[in-house]
Structures are given as structure tokens and as C-alpha cells.
Amino acid sequence: MLDAQEIKERLGQEARHIILSGLGQQEKGGKIRCPYHSDDNPSMSWFKEGLMYRCHACSETLDIYRYLEDYKSLDFREAVEEVARMVGVDTGMKPKPIIASKKQFDKPNIKQYDLSKEALEYMKLRGLNEETLKEWNVKQTNKFGEERYVFNYYDEKGELTFVSYRHIGKAKEHGDKGGCEKNTKAILFGMDKIDKDKPLVITEGQIDAMIVWQSGYKNVVSVPSGSNNLTWIDHNWDWLQEIKEFIVWADNDEPGLKMAQKIQSKLKNVKVIVADEGEGADANVLHFRKGPEAVVKLIEDAINETPNG
């Protein structure tokens, strides 16, 4: 039986025409307007080897599966089945994602140091104490000409595999929240700490994950690069199959809920929890407004519910 990548390859370059037609665009100089940012000067071109459009301005990509998900309201499984139908392949299985098994990743190698007083004080305002920050090995570095937090990601063997950065202070005071090192393998923040036999909480941000841990629920991780990038599923597919149950704590906004739906479509035994708007958009806000007990209660209530997917 063919997997998602093989089905995509069967469709081949025809995907280009399907996407173009669906977007109602024509290429100009080999490029189209990127649908993921305001693009008056077409900046998205077709990447033949990857069978996808790729934006040279914002780095978003659009292949046939994402097109069907974003523009035809299909989940990932439905998108794979639709493409299989197009190429005359019968599939009823839950597809294994496209795994970059042959790709060689670099290991992060950056200069980092203990958090400054300013960095500690900001995290204190977010509800995190120094003990938690030390446990999660949050550090500091000078990146892109300014001081930033360093979140260190260790794999199940305890090896440093990925790092991401965040501004010290409110993100809205800066042009972006942070970034990561190029050509490093995206894994989950905190995956070296988890017990595979217990329900695993997945949050949308590193601070949320640490808040959940500090509140008393220790089996928690964060996605590495926000709600729009789910490459961590492909890169950690075999490891994820060993987890018996997932609880996705989605931010109470459109990107967060969309992320949760996509995770549900790709993994099994996934529950989704969302704090009420009156309580807060995420774990950090809920902790600030109602305390650690409310954070743990929301998780425990979800554990006792029937799985959504």
C-alpha cells in the first residue's frame, strides 16, 4: 500500500495546475502571489523536486495536501484519500507522514549563558520561577544583535538537537518573537522529560509547557515553532507512535485551533482542550488568572474524557 509521499509523487506535476486553478491565479515569470502574506509582488514559485510552491519572502510552502486542507477544508487523512482517488489508488489506511529520513541535520552550536536579572524578572512576570527555568535549562544569548532567551531541546537520549529563541520582553515590542538555527531537527521542547505511558500534554509555546510543569503536571512538551509548523511530527514519527495518549492544549484562537485539528488528523488518541475565553487563551493566562490548580484540573478533566481522535 502506498504512503502519502508515494501518492503525492504519483500525482506529480499535475498538482501545480490543480493548485493554480484552485487559487484562481496564473504564474507571472514563474511566480504567483503567496496566499499566506500580503504579496503585491509575486514571490511564490514552484519547487519541482518537492512538488510544492515555496515563498521566497515568508518561507511558507503549499503542496497539494496543504492546498486541500486550507482551501477545501479537508483534514490530512481526507486530503491523502482525495489525491489517491485522483491517481486511482485505493487507500483506507491512516497515512504515515513524509519523513525526511535521509536528511542530515546539524547540531546547535551556540554561545549561551545564564539568564540576566532582566531576563529572570520578565519570566517572573509570566509566572515562572527560577527553579523551573533551571530545570528546563533556559539560557540567554546575543542573537541578531540583541539579547534573547535560548530554549534548549533535548531528544529522548538527552542530546541537544534544536534551539529556539525569544525576545526578552513582550513580543509586540519587537518585530518577531524569535527564531531558530538553520538545518536543525525540529523536536518537541521537553521530550527528554516525558513518561510515554502517561498522557502527554502538547502546548503551543515553551512558556506554556513550563507553566504546566510548574503547576504540577509533569508530562508536558511544547511544539518547537508555533502553530503553523508541524514538521516535528514527520521528524519524530516513530517516537510519537509510542505515546498512548495526547492532549493538545491549543491557544484559544484560530491558528491554535487549526493546529489542534491538524495534529488530530495525523496522530491517534488525541484530545483537545481549550481554556474558556474568560479564563484565558492559553496555559500561561489561565495560570495567571486562576492559579496552578486550575491548570492541572483542566488537564485531568480532559484525561477522564473520551478521546476525540
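Reply: A contact here means heavy atoms within 4.5 Å. Among contacts between residues at least 6 apart in sequence, 60% join residues at least 24 apart. This is a predicted model: local features need pLDDT of at least 70, side-chain atom pairs count only at pLDDT 80 or more, and totals for chains, interfaces and linings use all residues. Residues are numbered from 1 along each chain as its sequence is written, and side-chain values use heavy atoms, without hydrogens or water.

First, the setting. The chain has 12 helices and 12 strands. These are DSSP runs numbered from the N terminus: helices are H or I with at least four residues, strands are E with at least two. Of the 309 residues, 47% are buried. Buried means under 20% relative accessible area, with a 1.4 Å probe and protein chains only.

Now the helix. Take α7, residues 206-215. Nine of its 10 residues are buried, so α7 is largely enclosed by the rest of the structure. The buried set is Gln206, Ile207, Asp208, Ala209, Met210, Ile211, Val212, Trp213 and Ser215. Just after α7 comes glycine 216, with a positive phi of about 130°.

Next, the sheet. Four strands form an open antiparallel sheet, ordered β1-β2-β3-β4. Two strands pair if DSSP finds at least two bridges between them. β2 (residues 44-47) and β3 (residues 52-55) are joined by four bridges and run antiparallel. Phenylalanine 47 stands opposite methionine 52 in β3.

The lining has 15 residues, and Lys107, Asp155, Glu156, Thr161 and Lys185 lie nearest the pocket centre.

Last, confidence. pLDDT is the predictor's confidence in each residue, from 0 to 100. The chain mean is 87, and 90% of residues reach 70 or more. Two stretches need care. Over residues 98-102, pLDDT stays under 50, and the model has seven contacts beyond four places in sequence for them. Over residues 172-176, pLDDT also stays under 50, with six such contacts. Where pLDDT is low, the predicted coordinates should not be read in detail.

Terms used
Buried < 20%, exposed > 50% of the residue type's maximum accessible area, 1.4 Å probe, protein only. 1 Å grid on protein atoms, 1.4 Å probe; cavity = no way out; pocket = protein on both sides within 12 Å on 5 of 7 lines; lining within 4 Å.
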